[in-house]
Amino acid sequence: MSFISAHALDSTLGTPAADLEVTLYSGAEVIANARTDGNGRVSEFGPDHLGAGDYRIVFGTGAYFETQGQDHFHPQVTIDFTVKAGEGHYHIPLLLSPFAYSTYRGS
């Protein structure tokens, strides 16, 4: 299992946000890039371990909504988070709509 996984749900449609681009960064360095599957998930995303420090995950929401033919406000959603030493798996879910989003640390 990769150290990071992600999940995106489209609250407007009430469905997973399939084929949404997701990129993981450490500073300016891209660690991983993937697209959500039909269930809105990126299960295998990046290495099996990340060192302690600050990271960023970017969801390409603008392109996703454009393919849906949906007007939107956020061209991307960026979530900055900190990995603590000795921690295990980090799951980063995104609940999105064209004009709002929320996130939390999942399990």
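Residues are numbered from 1 along each chain as its sequence is written. Because the model is predicted, local features need pLDDT of at least 70 and side-chain atom pairs count only at pLDDT 80 or more, while totals for chains, interfaces and linings use all residues, and side-chain values use heavy atoms, with hydrogens and water left out.

An unreviewed UniProt entry carries the annotation "domain: Transthyretin/hydroxyisourate hydrolase" for residues 4-106; such annotations may be inferred rather than shown by experiment, and feature names are shortened. Over residues 4-106 the chain is 7% helix and 51% strand, where helices (H or I, at least four residues) and strands (E, at least two) are DSSP runs numbered from the N terminus. The end C-alpha atoms of this stretch are 11 Å apart.

Strands β3 and β6 run antiparallel and are joined by 4 bridges. Thr-23 stands opposite Val-58 in β6.

| Strand | Residues |
|---|---|
| β3 | residues 21-26 |
| β6 | residues 53-59 |
| β7 | residues 77-83 |

Gly-88 lies in the loop between β7 and β8 (90-97). Gly-88 has a relative accessible area of 39% and is therefore partly exposed, a class between buried (under 20%) and exposed (over 50%), with a 1.4 Å probe and protein chains only. From Gly-88 to Ser-107 the C-alpha to C-alpha distance is 9.9 Å, at a separation of 19 residues in sequence.

Key
Two strands pair if DSSP finds at least two bridges between them.
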